[in-house]
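I opened this notebook to keep track of what I look up in the structure. The entries follow the order in which I went through it.

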Amino acid sequence: MTPPVPPPPARPLTLRPDVCATDTADGMVLLDEVTGRYWQLNRTAALVLRSLIDGTAPPDTARVLREAHPRLTAERAVTDSAAITGELLAARLVVPR
């Protein structure tokens, strides 16, 4: 059984200053200039990240997902957006504004 996803922070997030983002045909690629590590985000993760760096508070990214994917259930949108936000935070790619 998968452990529950902790709720995302309520404050808006932004990329760390030493993380570069580049859009791709399939989503986005991030580069941590300190460690040299790359992350490839699919379209859904890129949408969540774009909404975060555009000022959307993490709990509201579920609404952004539902607008982009109307057949997505509200519960799944909340779970997915929280998981993506949690992964971005755990990788230290984003920080609170």
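Entry 1, a buried threonine. I began with T61, which is buried, with a relative accessible area of 1%. I noted that the model is a predicted one. T61 lies in helix 2. I then looked up its contacts, leaving aside neighbours within four places in sequence, and found V48, S51, L52, T56, S81 and T85.

I picked V48, which lies in helix 1. Is V48 buried or exposed? I found that V48 is buried, because its relative accessible area is 1% and buried means under 20%. Leaving aside neighbours within four places in sequence, V48 is in contact with T61, L65, S81, I84 and T85. I also looked up the C-alpha atoms of V48 and L65, which are separated by 7.3 Å. These two residues are 17 residues apart along the chain.

I went on to helix 1 (residues 43–53) and helix 3 (residues 74–90), whose axes come within 10 Å and cross at roughly 75 degrees. Which residues of helix 1 meet helix 3? I listed T44, A45, V48, L49 and L52 on the helix 1 side. On the helix 3 side I listed S81, I84, T85 and L88. I sorted the residues of this contact into six nonpolar, three polar and no charged.

I turned to strand 3 (residues 27–32) and strand 4, which pair in the antiparallel sense over five bridges. G27 stands opposite N42 in strand 4. The hairpin has five residues between the strands, and I noted that G36 takes a positive phi near 80 degrees there. Strand 4 (residues 38–42) has two faces, and I wrote them down separately. W39 and L41 make up the covered face, whereas Y38, Q40 and N42 make up the uncovered one.

I kept one general point in mind: side chains of opposite charge can pair when their charged atoms come close. How many salt bridges are there? I got a count of six, and looked at some of them in turn.

For R63 and E67, the closest N and O atoms are 3.1 Å apart. Both residues are in helix 2 (residues 61–68), and being four residues apart they are separated by about one helical turn. R63 is partly exposed, with a relative accessible area of 45%, whereas E67 is exposed at 55%.

Within it, D18 forms a salt bridge with R16, and the closest N and O atoms are 2.8 Å apart. R16 counts as buried at 15% relative accessibility, whereas D18 is partly exposed at 22%.

R43 forms a salt bridge with D26, with 3.7 Å between the closest N and O atoms. What does this pair tie together? R43 lies in helix 1 and D26 in the loop between strand 2 (19–24) and strand 3, so the pair ties together parts that are 17 residues apart in sequence. I also noted that R43 is exposed, with a relative accessible area of 56%.

Definitions and conventions: Residues numbered from 1 in each chain as written. Predicted model: local features only at pLDDT ≥ 70, side-chain atom pairs only at ≥ 80, totals over all residues. Heavy atoms only, no water. Axes fitted to C-alpha atoms, helices over the stretch in contact; angles between N-to-C directions. Contact = heavy atoms within 4.5 Å. Nonpolar A, V, L, I, M, F, W, Y, C, P; charged D, E, K, R; others polar. Buried < 20%, exposed > 50% of the residue type's maximum accessible area, 1.4 Å probe, protein only. Pairing = 2+ DSSP bridges. Salt bridge = Lys/Arg side-chain N within 4 Å of Asp/Glu carboxyl O.
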